[in-house]
Structures are given as structure tokens and as C-alpha cells.
Amino acid sequence: MTAVVADEYPGVTTVAPRAVQRIVAQAAREVAGVGADVRVDARVFANRTSLDVRLPILYPSPVGRVTEACRAHLARRTSELTGLAVSGIDIVVTELSTETVGSARRVR
């Protein structure tokens, strides 16, 4: 019996865009100053992805600092968790929110 060498049978792992979207949305919520309602669109190519991210920013967090921190965090975490290189991250701030994660809206 001969041993099988891994290099003889290289495998390919494919990550679906929907999986990337969920991973990126959760990673965005890890950044201080980002609200809960994160929306992500991911386009996946062979070994890379590009991201369109829509973020609510918690007021009074500085928008520029939060978006730059988020961009760096998303590039690192996406690569770590999916193995895909991130070719671009476009961020749109959708709202300035005073709500925190888990807070209930008051109805009048």
C-alpha cells in the first residue's frame, strides 16, 4: 500500500457569497461604534472577494474612525475566516443610531 501525498490531489474550497455576507456582517458588528443592522453584498471570485457594506453608526461615534476601523477589521477577519483575499470594501453609512444592540424601541 502506498501513502497518498496531499500535493498530488489538491482540493478546492468554494465559499458561497451568502456565507461570506454572513461572516462579514457578524465581523462588522464586532467593531465598536457599529450598530446591529449591518447589510452586506459580497461578490466572490476564484480566490478573492469584494464587499459592499451598509453600516449604521452609533451616535456620537466618529464616523470616519469607525468606518476605517471597520474596513481594516473586515479585511483581516474575512481573510482569516474564509481564506479569500479582499480586493475592495465599499462602505455606506446608512444611519446614525442612538440604539444599542438588544435595546427595545419605545412605542408611544
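Predicted model: local features only at pLDDT ≥ 70, side-chain atom pairs only at ≥ 80, totals over all residues.
**Exercise 1.** Work out which elements make up the protein chain and in what order they run.

*Solution.* Start with the count: two helices and three strands. Then read from the N terminus: the order is α-β-β-α-β. Next, look at contacts between residues at least 6 apart in sequence. Of these, 61% join residues at least 24 apart.

**Exercise 2.** Compare the span of helix H1 with the expected value.

*Solution.* H1 covers residues 17-29, which is 13 residues. From first C-alpha to last, H1 reaches 19 Å. At 1.5 Å a residue, 18 Å is expected, and the span of H1 is close to that.

**Exercise 3.** Find which residues of H1 are buried, and what covers them.

*Solution.* Buried means under 20% relative accessible area. In H1, Val20, Val24, Ala25, Ala27 and Ala28 are buried. Seen down the axis, the buried residues fall within an arc of 165 degrees, so they line one face of H1. Their cover includes strand E1 (39-44), strand E2 (48-58) and helix H2 (63-82). On the other side of H1, Arg18 and Arg22 are exposed.

**Exercise 4.** Identify the residues of the nonpolar surface patch.

*Solution.* The patch is formed by Tyr59, Val63, Val93 and Leu96. Together they have about 360 Å² of accessible area. Now place one of them: Leu96 lies in strand E3, residues 85-97.

Note on methods:
Residues numbered from 1 in each chain as written. Heavy atoms only, no water. Helix = DSSP H or I, 4+ residues; strand = E, 2+ residues; numbered from the N terminus. Contact = heavy atoms within 4.5 Å. Patch = residues over 30% accessible without salt bridge, like charges linked within 9 Å, V, L, I, M, F, W, Y side chains within 5 Å. Areas by Shrake-Rupley, 256 points an atom, 1.4 Å probe, with all protein chains shown as cover. Salt bridge = Lys/Arg side-chain N within 4 Å of Asp/Glu carboxyl O. Expected span 1.5 Å × (residues − 1). Buried < 20%, exposed > 50% of the residue type's maximum accessible area, 1.4 Å probe, protein only. Arc of directions from axis to C-beta.
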